[in-house]
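Subject: Structure handover

Hello,

Here is the structure we talked about. Please open it alongside this message; my notes follow below.

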Amino acid sequence: MVAGPARQSNAEQAKAEQGDNKTAAPATSVSWRGAPPFGIRWLGWRALAALFGGLILRLWMMHAFPQDGGDSLIYGDLAKNLLLHHMFAITDGSGVVHSTLIRLPGYPLFLALCFRIFGIANYHAVAYLQMAMELSSCMLLADFVRRISSNRAGLNTLWLAAMCPFNAIYSSAPLTVSLTFDAICLVLWSLQRYLSSTDSPGESQGLHLQENSPLGSQGLHRPDNSPGGSRGFQPPEKLRQTTGGFSPGTRLLWLALFTLAISSAALFRPDGALLAIALWPALILSRKTKLSVALRNAAVCGVLSILPFVLWSARNWSTFHVFEPLAPRYANDPGESPHPGWQHWVKTWCLDFTCTNEIYWNVPDGAISFDDLPAWAMDSPQQQQETWTLFNEYNRDEEISPALDAEFEALARQRAATHPLRTWIVLPLGRLADMTLRPRVENLTIDLRWWEYWNHRSETRFSLVYGILNLLLLMLGRAGLARRPRLWQYMLAYLLLRCLLLLTIEAPETRYTLEFFPILFIFAGALFAPA
C-alpha cells in the first residue's frame, strides 16, 4: 500500500526533471570523428574492390615477371641449410656448406618456416603467403590513416597501396622487400593504437563531445554546470566503461606489437633500424601519460627490441670471433676482403642503376667491359689509359687482388682530389635522385637503357609513363605532407634518415627507395580527405 505513492512520486519527479532538461539544454550528443570500429561498416565494397584488384595485380605480376635470381638464391640457400644442417650457413660453388654472417637472420628464418610447412624450395607457397600478408598490411595502413585523418583518407590509402605496381611486383619475390613493407605498416598502426590508448577515454576511441552537450565543454569538469546537477556528470571510470576505453592489457598489446615490428624490420635488413630510430621517440614525445610511465614503457620496448641482436651478436662472436650486431655493409664474411679501393673508385663515377647492373654487380667473378663506363669516369687521356689497363688486369682471372685494389684506391684518391665537389656532393645527390625518380622497370622485360629511343621505341614510351606515374606519387605525397596528419614529424624523420643513408651508397638501386612508399601512400591518401 505504501509502495504505490512512492513510485508515483518518483515518476512525477523524473518527469519534471526531464521537462527541465528539455528547456535547459539538448540531449547528450556524441559523434564519431571519422573512426568507427574496425569492421564491415568501414570496409564496404570499395575497399573490397581495392583488395581484389591488388590481388589480381600481384598474381599477374608473379606469373609475368618471376623474381628468382640474385639475392633470392642466397636467402633460399640460407633457409635450406637452416632446415637440413641446422646451421646459418651458405653453400659455396664447390658444394661445401660454411657458416656466414653476410645476411641478417630475419628473412631466412621466415623462409625456413615456410619451407618447413609447405616443403623445401616451395617458392610459390611463399609468394602466395607474402601476397596475403602484404594486402593485410595495406589494410593496416589504411586503418592507420583513417584513425589519424578520415575514412575517405583511409580508403584513398588502401587503393594506392593495393594497386601500386612498384611494390606489388616485389610481393611474390623471395626478398626482404615485401616483409619490410609489412613491418613498416605494423609499426605505424600499432604506434597509433598505443598512443591513442594513452589518451583520455573519449579521445582514445575517436569520440567528439559537442560543446552544447551536458558532457561537453565544462560539463566533464564541474557536476554543477550540467543540467540536473550531479546527475549529468559521469566520472572518468564510468565514462571509460560506457565509451569502451582501453584496458592496461590492451595498451600492452599495442606496445608489444610495436616492439615486435621495429625489431623485425631491423632483422630483415640492417637499414630497418632507421624505423626504430625515427619512430621510437614518439613513445615519449607524443605521450598523453606521465613522463615516468612513458619513459618506463619506452625503455622496456627498446630493451626487448634489441634482444634478438644480442643473440645474433653472441652467435657471430662465438663463430667468427668478431663483433657484428647487424650484417657487414659489403656482405663479406670475416677474412674476405670487401675491396675498399674498388668501392672508393666506383664512388667517384657511378651515377645510375645501369652502371650498377653492368659493372658493379659483375665484380668479382664476372667480366666487365671498358666500353660500359660513362664518359665522366675518366678525367683525362692518362686516366683513360690507366683505367683501361686496370680493367684488362682484372679480366684475366676476374678477381681483385690486394695489389689491384691498391691501384684502384690510388686512382680513386686522385679523382676525388681533382673534383671534390663532384665526388662528395654532386654524385651522391645524383645517385639519390636516380633511386627516387628513375622509372622502376628493373624487374620488367624492358632494357635498362630505356632512354635509347632508337633501339626500342615502345619500351622508351612505357618507361616514360612509368616514370611519370612514380613522379606523380611523389608529388601527391609531398602535397599531402602539407596537411600534417598526426605523427607526420616522425614519418618525415624516417624519410630524411633514409635519404641520408642512401647518400652513402656507391651503387644505386631503385628498390632501396621502396621503403618511401608506405609513407607516400599515407600522405597522398590524406591529401584528398575532407578538411
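This is a predicted model: local features need pLDDT of at least 70, side-chain atom pairs count only at pLDDT 80 or more; totals for chains, interfaces and linings use all residues.

Where is the place of Pro364? Pro364 sits in the loop between helix 16 and helix 17.

**The loop between helix 16 and helix 17**

Look at the peptide bond between Val363 and Pro364. It is cis, with omega at about -5°. Asp365 belongs to the loop between helix 16 and helix 17 too. Its phi is positive, near 75°, and Asp365 is not a glycine. Asp365 counts as exposed because its relative accessibility is 58%, and the cut-off for exposed is over 50%.

Ala367 is also placed in the loop between helix 16 (353-358) and helix 17 (381-397). Ala367 is partly exposed, at 47% relative accessible area. What does Ala367 contact, leaving aside its neighbours within four places in sequence? The partners are Asn362, Asn395 and Glu398. Take Glu398: it is 31 residues from Ala367 in sequence, yet their C-alpha atoms are 6.2 Å apart.

**Overall picture**

The chain has 531 residues, and 48% of them are buried. It holds 22 helices and four strands. Among contacts with a separation of 6 or more, 73% are between residues 24 or more positions apart. The chain exposes about 25,900 Å². Carbon and sulfur atoms supply 63% of that area.

**Helix 4 against helix 5**

Helix 4 covers residues 106-118 and helix 5 covers residues 123-148. They pack at an angle of about 115°. Their axes lie 9 Å apart. The crossing of helix 4 past helix 5 is right-handed.

Which residues meet there? From helix 4 come Tyr107, Phe110, Leu111, Cys114, Phe115 and Phe118. From helix 5 come Tyr123, Ala125, Val126, Leu129, Gln130 and Met133.

**Salt bridges**

The count is 17 salt bridges. Three are worth a look on screen.

Begin with Asp143 and Arg146. Their closest N and O atoms are 2.4 Å apart. Both residues are buried. How far apart are Asp143 and Arg146 in helix 5? They are three residues apart, so about one helical turn separates them.

Next, Arg449 and Glu358. Here the closest N and O atoms are 2.9 Å apart. Arg449 lies in the loop between helix 19 (420-437) and helix 20 (457-481), and Glu358 lies in helix 16, so this pair ties together parts that are 91 residues apart in sequence.

Last, Arg511 and Glu509. Their side chains form a salt bridge at 2.9 Å, N to O. Arg511 is buried, with a relative accessible area of 17%. Glu509 is buried as well, with a relative accessible area of 6%. Both values fall under the 20% cut-off for buried. This bridge belongs to a network: salt bridges with shared partners join Asp71, Arg103, Glu509 and Arg511.

**A nonpolar surface patch**

Which residues form the nonpolar patch on the surface? They are Val300, Val303, Leu304, Ile306, Leu307 and Val310. Together they have about 510 Å² of accessible area. Ile306, one of them, is in helix 14, residues 291-320. Ile306 has a relative accessible area of 46% and is partly exposed.

**One more backbone point**

His86 is not a glycine, but its phi is positive, at about 55°. Where is His86 found? His86 is in the loop between helix 3 (71-84) and strand 2 (89-91). His86 counts as exposed, at 70% relative accessibility.

**Where to look**

For a quick tour, go to the cis bond between Val363 and Pro364. Then view the right-handed crossing of helix 4 and helix 5. Finish with the network of Asp71, Arg103, Glu509 and Arg511.

Best wishes

Notes. Residues are numbered from 1 along each chain as its sequence is written. Side-chain values use heavy atoms; hydrogens and water are left out. Patches are made of residues with over 30% relative accessible area and no salt bridge: like charges are joined within 9 Å, nonpolar side chains (Val, Leu, Ile, Met, Phe, Trp, Tyr) within 5 Å. Accessible areas come from the Shrake-Rupley method with a 1.4 Å probe; for residues, only the protein chains shown count as cover. A salt bridge is a side-chain nitrogen of Lys or Arg within 4 Å of a carboxyl oxygen of Asp or Glu. Helices (H or I, at least four residues) and strands (E, at least two) are DSSP runs, numbered from the N terminus. Buried means under 20% relative accessible area, exposed over 50%, partly exposed in between (1.4 Å probe, protein chains only). Axes are lines fitted to C-alpha atoms, for helices over the stretch in contact, and angles run from 0 to 180 degrees between N-to-C directions. A crossing is left-handed if the near helix is turned anticlockwise from the far one by less than a right angle, and right-handed if clockwise. Contact means heavy atoms within 4.5 Å.
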